[in-house]
Amino acid sequence: MKYDERELLIIWLDSFKEIEYKNKRALYEMLVGKSDLKRNIELNEKSVKSALGDAGYSLLLNSANQSYLKDNIARLNAAGERAITLASSAYPERLKETPEPPLCLYARGNLELLSDEIFGIVGSRKSLPLSLSIAKDFATELVGGGFTLATGTAEGVDAEVIKAALNSGKIIAVSAGGLNNVYPAMNAGLIEEVARRGLVISEYREDVKPLPYFFPVRNRIIAGLSAGVLIVSGKLQSGTMHTAEYCVDYGRDLFAVPYSVGVESGTGTNALIKRGACLADSPEDILSFYGIEKKEKEETIFSDIEREILAALKGGALHIEKIAEKTGKNVYELTSAITMLEIKGCVGKNGINTYGLIRNLEM
Amino acid sequence: MIAKIQSYSLHGLTGVPVSVEVDVNNGLPAFEIVGLGDAAVKESKERVRSAIKNSGRSIPAKRITANFAPAFLKKSGSAFDLALAVGVLCATGGLIISNGNADTVFLGELSLDGSLRSATGVLPILISAITDGYKSFIIPKENLKEASFVCGAEIYAAESLSEVIDHLSGLKPLEKIAPAPHEVSPALSVYDSDMAFVKGQAVAKRALEIAVSGGHNILFVGAPGTGKTMLAKCIPSIMPDMTFEEAIETTKIYSVAGLLDGEGIVAKRPFRSPHHTATSVAITGGGSSLKPGEISLAHNGVLFLDEMPEYSRTTLETLRQPLEDGVITVSRAAGTVKYPANFILCGSMNPCPCGNYGSERKECTCTPAQIAKYRARISGPLLDRIDIKIDVDEVKYSELTDTEKSETSAEIRKRVNRTRRIQAERFKNDGIKTNADMREKQIVKYCRLSEECEKILKHAYESLGLSPRARSRIIKVARTIADMDLYDEIQPQHVLEAVNYRNV
């Protein structure tokens, strides 16, 4: 894997954990385009020292050699990662336009996905079971509509989106820490699978452990990459809401799934809708927003009992015994019909033996 | 003069003949016992000495040697007391056995006052000894009930050593035990728990019926206090009636374990619920005396593991092989024995460590990682052997006060019996009894899926993310549901319902 000179300069700069983001940007502007790096630093001694102090200056000077850089690249290659720098042609345009684009994205997987039309789907880790079904439904339909999805690496909604999109390969998972330290560890296997079929990126080098403050910062990448973002669930105070804030700042299209009164994991999304986010209760809402014609799917045919169940659920999620009451059917007759509706993607589980609709149906 | 008296020792569920030889010599007075006996056997000489004295006989001051043959076999327990006492009396000339009583087998422990106490394993010993050709037995009266189920032999029950002496010498013969009818009387099999008292829980009840009908293992997932234990306790009451053979098998195990408590026969399906601190030996059986464990005591019944993830991993893993084979082979220094262990495994667990995951009323405070860790305590291979997983509802107050009775266990049992008969008919040449026992070969043979069913399964994989390992479990359960509905071919609705009980 070859990098050009500008890319190498950024990789070199990004290797110093001690240096702040804005200083790195400034140093890049200062040093770019000149051939002799070491001499260049010496020439700019005063400004470098004022920004980084004496220690920073000597660190840069001592590291400004070919062996340091070669060693760095070798480690990258060994980790199976490709660095996409601000100077790379592969760097996503949308992200570059944001106020603080990462200098470098370290990536494993299919880099071509970065030039696709990307849509973000995020949600809280602790969501209602029904929210997970909703996330899955949206993810499947949006991939079908031609989007590549961006999301985090967490459990809950993130994992559900990844699983839904994995088969198509159109998935970008953005990790908060380095790619050898995916958080939470229980998702490491899933993320490996993403690296194989889709793409995993991080703004940190392979071995960096994620610190708590990395997560909100990571969310700016998801927002930055995406044309629009769907918030599936989230409390008022949650990481998910950070992503929404970034969307507003960056002028991204923001969609949110509505919840009924009193559902805690829906207070955040409802607040977003109040502030003007697009209400999305069906994937078509998003697809039509972007003018994507839904592919003519063969129409789902429902049996009589399935129709009755769907009608019963229109008032909200119900316990199976309540459905039995409403429809006058036996519980075990309902069980098979509900499983069929789950397979057809219309109904999802919402707690113990409780089921609800996962999208608006026109019947 | 040498006396040879026949007795029996236990090895697992079979009796092994042990002859007690007693010889009397001149010399310093002594009482020696040889022949690999444990402490209880060695101590028996003191019980025997007192019992003889207190029965009005005496032991001459001579050198008495008793040998328990075969000498290489380790013998344990106190059931040889009676044989030893009779041997000593014969050898010292205190008793002459009349001709009719020559080949009698003696079992029983002696008290110092000469009365006879119960022995363990009388039923299996009698069965083995009759196969070996013995026809006459004297046993303690406390074991009378279990012995009455054995036919083809003359069995006498005595209360004391003097009764035995009078019987053997022909002075006052004992009454033969009247054989009990060879059937399990319904009056004996009345269970404390009944499905009629379980309120609500329609889904769980249906799943239980399927599990019992097809012999499937089942796992309840539900918050604390939702009645998982109550449901599990109802399982024996809806299981098919015990056949006489099954009852005898189970009684043998209880007899060996010394748990019969004067009961003649175990006519109720056993329900065993070992605490989660139980060691794996307590579960599988073993120890120095090779006692049957909880899984064998649950033979033909239910093994209930409450709070399943709390059991130690090794304990749970030891269940895998018996669940597959229906027997457990216990190997210890004392030997190797096989105990039957064919049971329905019923487990219960909380949905998460705090117990409130998915609850409508309380918020779960666990992180997804904690939940995953909690669930991972039950290993995949073990979960593979549990065909049905069911979420148990929280009980609502209105349901508790509801006085309307639902279906009774007896009504459900009628249907279960019918479904079991269908399976017995189907598998009569396959050496298995229930749908849950089916292997790949039988699944292919008896569970042909229509094109539509295959399609449903395929869709279920794709949209519900089923693991391929779930396939045979789902098909087996679908087969049972089809049997309950009296269908020869598995229908789509059966597959769908089975998918709903999937174990994820």
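Guide: Two residues are in contact if their C-beta atoms, placed from the backbone, lie within 7 Å. This is a predicted model, where local features need pLDDT of at least 70, side-chain atom pairs count only at pLDDT 80 or more, and totals for chains, interfaces and linings use all residues. Residues are numbered from 1 along each chain as its sequence is written, while chains are lettered from A and ligands numbered from 1 in the order in which they are written.

Visitor: Which residues of α14(A) and α16(A) meet under that rule?

Guide: From α14(A) come A:Ile305, A:Glu306 and A:Ile309, and they meet A:Glu333, A:Leu334, A:Ala337, A:Ile338, A:Met340 and A:Leu341 in α16(A). Helices here are DSSP runs of H or I with at least four residues, strands are runs of E with at least two, and both are numbered from the N terminus.

Visitor: Why is α14(A) called roughly perpendicular to α16(A)?

Guide: Their axes come within 10 Å and cross at roughly 80 degrees. Axes are lines fitted to C-alpha atoms, for helices over the stretch in contact, and angles run from 0 to 180 degrees between N-to-C directions. Angles under 35 degrees count as roughly parallel, over 145 as roughly antiparallel, 65 to 115 as roughly perpendicular and the rest as oblique. So α14(A) is roughly perpendicular to α16(A).

Visitor: What kinds of residues make up that contact?

Guide: Seven are nonpolar, none polar and two charged. Nonpolar covers Ala, Val, Leu, Ile, Met, Phe, Trp, Tyr, Cys and Pro; charged covers Asp, Glu, Lys and Arg; the others, Gly among them, are polar.

Visitor: What makes β1 and β9 of chain A edge strands?

Guide: Nine strands form an open sheet with mixed pairing, in the order β1-β2-β6-β5-β4-β3-β7-β8-β9 (chain A). Strands β1 (82-85) and β9 (278-279) each pair on one side only.

Visitor: How do you know that β1(A) pairs with β2 of chain A?

Guide: Two strands pair if DSSP finds at least two bridges between them. Four bridges join β1(A) to β2 (residues 104-109), and these strands run antiparallel. With four bridges, they count as a pair. Within it, A:Ala83 stands opposite A:Tyr106.

Visitor: Where does chain A touch chain B?

Guide: Here 21 residues of chain A are in contact with 23 residues of chain B. The elements of chain A giving two or more residues to this side are α15 (320-327) and α16 (331-344). Helix α16(A) gives the most, with eight residues. By kind, this side of chain A has nine nonpolar, seven polar and five charged residues.
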